[in-house]
Structures are given as structure tokens and as C-alpha cells.
Amino acid sequence: MKDTRMIDFWTGAGIFALGIFAYVIAGKMLKVPIGIGPGDYPRVIAIGLCILGGILSLQSVLKGFPKAQGKVPWKSILRVFALVLMSFIYIQSMRYLGFLITTPVFLAAAIYHFGNRNWKSTIAVSVGVTLVVYFVFVSLFQVLLPRFSLF
Amino acid sequence: MIGNLLQGFVLVFQPLTFGLMVFGVVLGIIIGAIPGLTGSMGIILLLPLVYRLPPDTALVMLCGLFCGAMYGGSISAILLRTPGTPSASATVLDGYPLCQQGKAGKAIGISTVASFIGGMVSSICLILIAPQLAKVALKFQAADYFSLSVFGLTIMASSSGKSLVKGLIAGWFGLLVSTVGIDGIVGVNRFTFGNTYLMGGFALLPVLIGVFAVSEVLSESQEIKKAGQIVVQEIKGIIPTFADMKAITMAVTVGSIIGVFIGIVPGTGGAIACFLAYNVVQRWSKNGDKFGTGMIEGVAAPESANNATTGGALIPMLTLGVPGDVVTSVMLGALILIGVKPGPLLFVEHANVVYAIFSGMLVIQFLMLGFGLLCAKFSPQILRIPNKILMPVIMVLCVIGAYSLGNQLYDVLVALIFGVIGFFMKKYGYPGAPLVLGVILGPMAEDNLNRALLVSRNDWSVLLTRPISASFMVLSVLSIILALRTAHKDSKKAQA
């Protein structure tokens, strides 16, 4: 099994920090005389996160102090982030360019990203899927998909 | 009850409902068969359609997809040695050896019949148990609901997979996510940082779309994969013989019973049931030593068990509003979205919906059996659908699913953010189910604790003096002890 001690150590530390952050913010929330106040419940969760984060870090230290292990799989992480970036640009540009323009472009880029090098099938799928989805959702389900608008 | 069931059948056989039910079953089988796609993802892809249908029709379609996907997972487990869904993981053990012996048709036939029997048993249990449990649940007060949600949250521990701590972190993170937004009682902003979008909190469905669908697409994009080796043998001998049926009787019986019980326990699901049933049947079988070499009992036990969890998982969701597994948690989100609040009142306020589900579940099993046996010959074709085309299309459908929730791109961004979180969780061994349980049960726990304390004027003993509440508290403690013991045993095993 993949050794994740190093990552677990830092994740635990991050969770611990998140718990502290949530506790501090929740501590400033309104107090109420009866029942639980808006900050009480998040504070309990924050304490739980601190404890669990601490345990995770401690576990990875007790298993032997974490050392940097092997190579970080940068290539696969970069591929994932490339898709995330593509999706983010797709979502943001849909606001202005609309569904019909952005979707075939996104689909073509994503299909290429997933390894399809046949341009004919890429274009056919991206245009075909966009039109089918548009027809089904707009005409049949009456979902108001974003339209081209500069303002 | 019989009258209500008959009314349910009338609804189920209406053309639109029946057509969509068939659509749900067929789509479920296809989705289940394709490795990387799961029942929860299938339901997510159907969400935009769900918004626009009557609740009973929508739910029957989703149930069809749920059962179809549970069965469909076995097809790739048998033909590709890759389970289509986690629930078919144990089917690989004997299904693939059968395929190697040229008996892929027989393995698919046994899997179909076992899934049918498991599904029928669980549907009957659903019809018999759920109304009774709902009657008890009608007596629940705020303190009882709080204790129930605590019990549901302790289940996080048991659904934590390999690492208890990682499962709990995922669950507590889900709880924290559920607190974002305006507090329901005092009206104070919590963790919104002045952002108007965050004031509404994170809607459940974009979170689910992100954690279960977008994360899967991101995972698949890590490397360019070559298509799996698909079996080229002729699929024949699909219908099990009398001797086959006799041989699998014990396996199917045990599998069905285990599946129903596992299904009822919140936070579990088919993946646990299939291995448990496989192990028990292997131990009890005369041919236990031959398991793993292509025994039909080894296919029948996990397949009956995983399909038996479907009806079981619907019991806590419909009666208590606590999801039985990941798929039912997505269904719960869909239900809330279409204005149907699961819980005991569902049986009073929306009896037509409940009985349509009951009748639908029975009909779905026959549809699954029919399509399973008739289409087994074509099953290798399903596996030829290339991921490099499918995944981008799924991403677009996720975007539309999240967008159509409230016609705002903010929900799509939330789905993308939770997709990235889900991807890293999956990569580093953090299960997604506890996160979802936390998001669903967090508000239920907080609201009911607050209500119980307001009514009792800050008397915390109310949680232990009410018998129902006390029972759930005891169950919660037992659940934690059990999870700790299991974790301790696992760590000892790992050290050995």
C-alpha cells in the first residue's frame, strides 16, 4: 500500500489549524441563555477536528518520523488541475458566452485531454452532445441555460 | 395496506411512470456496468429530470436506477475482472474465473437471478418493516431525533473504511460544512465572511455532485488509460438450470438476509454486504475450499446480498430521514429538492409516494430480471463505451445538474470545489460517505438538540430519560466501541 505518512502528517496539521480557526471565529458568535447558541455547535465540531487532526499527525510521527517519500506524481496532479482549470474557465465563460458556444469548445478540449486524438469523432461528439443536451434540457425540461450576453 | 399497494401499482403502470422506470433500470444497468460510474453518479446525472417530474414518478425512476446499477456492477466484474461498482467487488472472486472457463453467460445468468431474489426479499422487507418503523418514529420528539442523528453520526466510524481517523475527519469536516450560512434559530451569519452566496450555506446537491461525480471524472483524468481487455467469447447458457438453482439456494438465502440487515444500518451499503455474505457462505458451504476458482455460489452470495441492501437502505431513509448508504443519501437530497421531506410524516402526508416506491420496487425486480437475462448477450457491448468520450460528457451533465438546482453558476462552482476536495480525499484514503453523512445529519442534530433544550429549559438529562433517546444513545456508544475494536484489530493485523 502507498505510504502516505508525510501527507497524513501535513493533512493532520492542516485539519488542526482549521479546527483552531473555526473555534476562534465561532467563539465570537452570539451567546444565548437557553438552548445552544449559534457558535456552540461549531465550537464542538472545531474541537473534534483539532483532536482528530492531532491524532492523524501523531500517528504518522509514531509510525516513524515522516520522511519525504519517492516522487510526487506531478504529472497526474497537473493533468487533474488542467481539467479543473478548463472546467473553471468553462463555467466562468458560460456566464457571458452562453451554453451553446462554450460547451462544444469545453467538450472538445476535455475529450482531447482524456486522450482521444481522432478529430472527426471529437468534433462530432462535442457538437452532437451539446445540441442534444440543449434540446433535452431547454425544450423538454425547461431549464434556463445561460445564453450569450455581453452584459 | 393492500389497498395502498394496489394504488401504487396503478401509478407504477401509468405510461409515463412505467416508461421512466424502465429507463431507470436500463440506465442503471449500463451505469453500473461501466467501471468508474456508480449508482449515486447515475442519480446525480438524472437530477435535472427529477426536478421536473411528479415526486412519485421521479422516485420510482431513481429506485429503478438504484437497483439496476447495483446489479449492473456484476457485468464488468465478470467480464473485465473490474467491479463496475464497489458493491460488486466480491463478485470478481468467482465471476471472473467462471468467465475464464468460458462460462461468462452462466455467471451473468446466476448474477441476474441472485440479484432478482435479493431485490425481491429486500422489497418485501421494505414493505413490511417501513410502515411499522414509521409508526414508532411518529412518537419521536426532538431529543429522540437528536440521539438518532448522533447514532447516525457514530456510523461514520463504521463506514470509515481502512482508517478510522480519516473517516472521522471526513465526517467532522462534513459537519463543519453544514454549519456554513445563516443560523436557523438566532439568524447569525456563520463562516460566511461577508459573502452573500455563503449566507445560504452549501446546498446538499452541489456538494454531492462534487464529491461523488466530479471527483470521479477528475480521478479518471489522472492518466490516459487504455481500454480494458473485453472478453470475446460467446455469451451462452444464461438461463440457470434446476441444478444451478439448487446449488445456489443456500447462498442466495444467506446473502439476501445479510443484505437486508446491512442495508438497514445507516452508513453501510452493498460493498460491505457483498464481502460479508461471500465470507459467510464460503464458511458454510461444503465446497468452501473451492471458492475463488469459479463457484456459482461465490457469484450468487454477493450478488443477492448487494441487491438486498437496496430495499433495506430505503427503510431508514423513508422512515427516519437517515440515509442507508451513499445512493440513498443522494436520493434524500433529490427528495428534499422536490419538496418531499423524508421521515415518519412522509407516510401520512405523501402516502402515495411511499406506496408507489413499494409497488415500484417489486416491479423493478422483474424488469431487472427480464432485461438482465434478455440483454446478457449484448453486455460486452456496454463495456466498449470509451471513457475518453464518456467522462467529458459526464462533466457537462454535472455542470447542468448543479446549475439547474437554482439557475446559478455559484452552485456549479461549489460542485467543482467539492470535486477537487473529493478527488484528494479519494486519493489519500478519506471516504466520501462520512462527509455526506455529516452534511445531512449535522443540521438535524443541531436543530433538534436546540429544540430539546429549549423545551426542557436546558435540562440535558432529557437525552437519557426518554426511552427512545436513551436507546439511541446506548446504540451510539456500542457503535463507537465496535468501531474502535475493529480499528484496533486491523492495526494489529497490519503490524503482524
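## Briefing: chains A and B of a predicted model

Lys388(B) is buried, since 23 other C-beta atoms lie within 10 Å of its own, and a count of 20 or more is what places a residue in that class.

**Lys388(B)**

- Lys388(B) is found in helix H18 of chain B, the helix that spans residues 387-406.
- Gly372(B) is 16 residues apart from Lys388(B) along the chain, and the C-alpha atoms of the two are separated by 26 Å.

**Chain A: elements, domains and overall form**

- Chain A has five helices and zero strands, so that, by the run-based assignment of elements, its order from the N terminus on reads α-α-α-α-α.
- The domain assignment divides chain A into domain 1 (5-62) and domain 2 (74-140), and the centres of these two domains, taken over C-alpha atoms, are separated by 39 Å.
- The radius of gyration of chain A is 24 Å, whereas a compact globule of 151 residues would have a value near 15 Å; along its principal axes, the C-alpha trace of the chain spans about 55 × 50 × 25 Å.
- Of the 151 residues in chain A, 30% count as buried.
- Among the contacts in chain A with a separation of 6 or more, 60% are accounted for by residues 24 or more positions apart.

**The contact between chain A and chain B**

- In this interface, 48 residues of chain A are in contact with 47 residues of chain B.
- The elements giving two or more residues to the side of chain A that touches chain B are helix H1 (5-27), helix H2 (40-62), helix H3 (74-97), helix H4 (99-113) and helix H5 (119-140) of chain A.
- The largest share of that side of chain A, ten residues, comes from H3(A).
- Sorted by class, the side of chain A that touches chain B has 34 nonpolar, twelve polar and two charged residues.

**The largest nonpolar core**

- The largest nonpolar core has 213 residues, and those with the most contacts inside it are Ile44(B), Leu62(B) and Cys398(B).
- Both domain 1 (5-62) and domain 2 (74-140) of chain A give residues to this core, which therefore lies between them.
- Cys398(B) touches Ile44(B), Ile209(B), Ala213(B), Val214(B) and Ala415(B), again not counting residues up to four places away in sequence.

**Helix H19 of chain B**

- H19(B), residues 409-427, has 19 residues and reaches 27 Å from its first C-alpha to its last, close to the 27 Å expected at 1.5 Å a residue.
- The buried residues of H19(B) include Asp411(B) and Ala415(B), together with Val412(B), Val414(B), Leu416(B), Phe418(B), Gly419(B), Ile421(B), Gly422(B), Phe423(B) and Met425(B), and Ala415(B) is also one of the residues that Cys398(B) touches.
- What covers these buried residues includes elements of both chains, namely H3 of chain A together with helix H8 (164-178), H10, helix H18 (387-406) and H20 of chain B.
- Gly429(B), which follows H19(B), has a positive phi, near 85°.

**Helix H14 of chain B**

- H14(B), residues 326-337, has twelve residues and reaches 17 Å from its first C-alpha to its last, close to the 16 Å expected at 1.5 Å a residue.
- H14(B) is mostly covered, as ten of its twelve residues are buried, among them Val326(B), Thr328(B), Met331(B), Gly333(B) and Leu335(B).
- The cover over the buried residues of H14(B) includes helix H3 (39-50), helix H4 (55-79), helix H10 (204-220), helix H13 (296-320) and helix H20 (432-455) of chain B.
- Just after H14(B), Gly339(B) takes a positive phi of about 85°.

**Positive phi outside glycine**

- Phe193(B) has a phi near 50°, a positive value in a residue other than glycine, and lies in the loop between strand S2 (189-190) and helix H9 (196-199) of chain B; because Phe193(B) has 8 C-beta neighbours inside 10 Å, this residue counts as exposed.

How values were computed. Residues are numbered from 1 along each chain as its sequence is written. Chains are lettered from A and ligands numbered from 1 in the order in which they are written. This is a predicted model: local features need pLDDT of at least 70, side-chain atom pairs count only at pLDDT 80 or more; totals for chains, interfaces and linings use all residues. Domain bounds come from an automatic or database domain assignment. Two residues are in contact if their C-beta atoms, placed from the backbone, lie within 7 Å. Helices (H or I, at least four residues) and strands (E, at least two) are DSSP runs, numbered from the N terminus. Ala, Val, Leu, Ile, Met, Phe, Trp, Tyr, Cys and Pro count as nonpolar, Asp, Glu, Lys and Arg as charged, and the others, Gly among them, as polar. The radius of gyration is taken over C-alpha atoms; the globule rule is 2.2 Å times the number of residues to the power 0.38. The expected span of a helix is 1.5 Å times one less than its number of residues. A nonpolar core is a set of buried Ala, Val, Leu, Ile, Met, Phe, Trp, Tyr and Cys residues joined through C-beta atoms within 7 Å.
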